[in-house]
Amino acid sequence: MGSIEENAGLESDEEIPFSSSPAKRKVHPLDFEIAHLHSRSDAAKSQIFSLMRKRPLRSIYIVLIKAKINVLLPFGPLAIFLHYVTGKHGLVFFFSLLGITPLAERLGYATEQLAFYTGPTVGGLLNATFGNATEMIISIYALKNGMIRVVQQSLLGSILSNMLLVLGCAFFTGGIVHYEKVQVFSKAAAIVNSGLLLMAVMGIMFPAVLHFTHSEVHFGKSELSLSRFSSCIMLVAYASYLYFQLRCQQNLYSPVEGEEENHDDSDEEEAPELTQWEAVGWLAILTVWVSILSGYLVDAIQGASDSLNMPVAFISVILLPIVGNAAEHASAIMFAMKDKLDITLGVAIGSSTQISMFVIPFCVVVGWIMGKPMDLNFQLFETATLFITVLVVAFMLQFGSWVARFLRLITGTLLRVQTQRWQLNMRVALIVELL
């Protein structure tokens, strides 16, 4: 048994947490709040430290392991190993292609993650720069080795691949999935991109026309000077287009009526998986790795052409663009299957616009700095092919609904005729059996 004062002291000690002194002290009402704040701050610090320890592993998992296409990543080091051990250019070229394919897709992913933090303006510039970074790096390495025709044919193949293969596959798969209705898209964005493509084709056509009409004052020098002048004009025009798209006319690319709710829901669901500095770091790492593999890829082109009995033109126009645009192929088809043709056109036509208005003139300017005679003379057949392709795509974007209705009418008529013929054959067979 103790005194009343001792009992009061014990009670006060029990009421005040974190007090080790048995002496009496007055309980302040803020003591409980301060204690809770200290405990919360300690818990927050422990969570931050645990996140700092787990964050690099999580970032590595998201970028290098999570995507299924990362199964092809080991082919890059394997190509380098074969280059120094065997010297078989065919295998080195093939494995380099396989190794660059996931890097191109991951490079686009890191750019999209960084665009969450930079906003639409800087994000658009990043997409313009890194969206076709693989083609740019391969082209710069080829220019350094003096392979000007490889650069021209690979960039031309990228435009044709985006406008014919990617867009055609997207429309085909989207039509199969949504066969019960007509897919619609915003014509305003399609008109702007088509106009830019026609402008780029005109800029590419002038040096070829000057060369094949034999109207040059100084043979070889006049078309080179005209190519450099046209490239500077196209770069200024593309910068103006970016400013127009991202600052002046942000509502131009608004979703089609009836799809606004779906776009809003998809935008709300999207959230960045990487922090800003993680995205910057991965951009740097992936760009360096793509640069290294591109060097081995370019060095193996001629040897692969000789060993595989495959023309360099086929490698440049078909194989290299497919690798550089692998991520765009998959994303365009995926968005078309989700009935988001605006995004599909932005991926396919927008990428072609970037290559024609930015990458090709940029390579001409880089060749000018290197002292390489890189020009816009893509030869007569290739220039005509590009011009016809742009005209066909522009026509389809303007009058695609009429063409679709016409094809649907023809298909329905053929199906009805086939059904009637099948029914007639069944009746004839039934009559023959009865007789």
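## Ser352, tucked into α14

Ser352 counts as buried because its relative accessibility is 0% (buried means under 20% relative accessible area, exposed over 50%, partly exposed in between, with a 1.4 Å probe and protein chains only). This serine sits in helix α14, residues 341–370; helices here are DSSP runs of H or I with at least four residues, numbered from the N terminus. Setting aside residues up to four places away in sequence, Ser352 touches Ile159, Asn162, Met163 and Leu197, where contact means heavy atoms within 4.5 Å.

A word on the source: this is a predicted model, in which local features need pLDDT of at least 70 and side-chain atom pairs count only at pLDDT 80 or more, while totals for chains, interfaces and linings use all residues. Residues are numbered from 1 along each chain as its sequence is written, and side-chain values use heavy atoms, with hydrogens and water left out.

Another serine to look at is Ser316, which lies in helix α12. Ser316 has 0% relative accessibility, so it counts as buried.

Helix α7 covers residues 187–212, so to speak a run of 26 residues, and reaches 36 Å from first C-alpha to last. That is close to the 38 Å expected at 1.5 Å a residue, the expected span being 1.5 Å times one less than the number of residues.

Where does the kink in α7 lie? Look at Met205, shortly before the proline Pro207, for a kink of about 25 degrees; the bend at a residue is the angle between axes fitted to the seven residues ending there and the seven starting there. After α7 comes His214, with a positive phi near 55 degrees.

## Positive phi in the loops

Asn309 is not a glycine, yet its phi is positive, about 55 degrees. You'll find Asn309 in the loop between α11 (301–307) and α12 (312–324), and it is exposed because its relative accessible area is 71%.

Gln379, also not a glycine, has a positive phi of about 70 degrees. Its loop runs between α14 and α15 (380–434), and with a relative accessible area of 32% Gln379 is partly exposed.

## Cysteines

The structure holds 0 disulfides, a disulfide being a pair of cysteine sulfur atoms within 2.5 Å. Cys363 is buried at 1% relative accessible area, whereas Cys169 is partly exposed at 31% relative accessibility.

How values were computed. Helix = DSSP H or I, 4+ residues; strand = E, 2+ residues; numbered from the N terminus.
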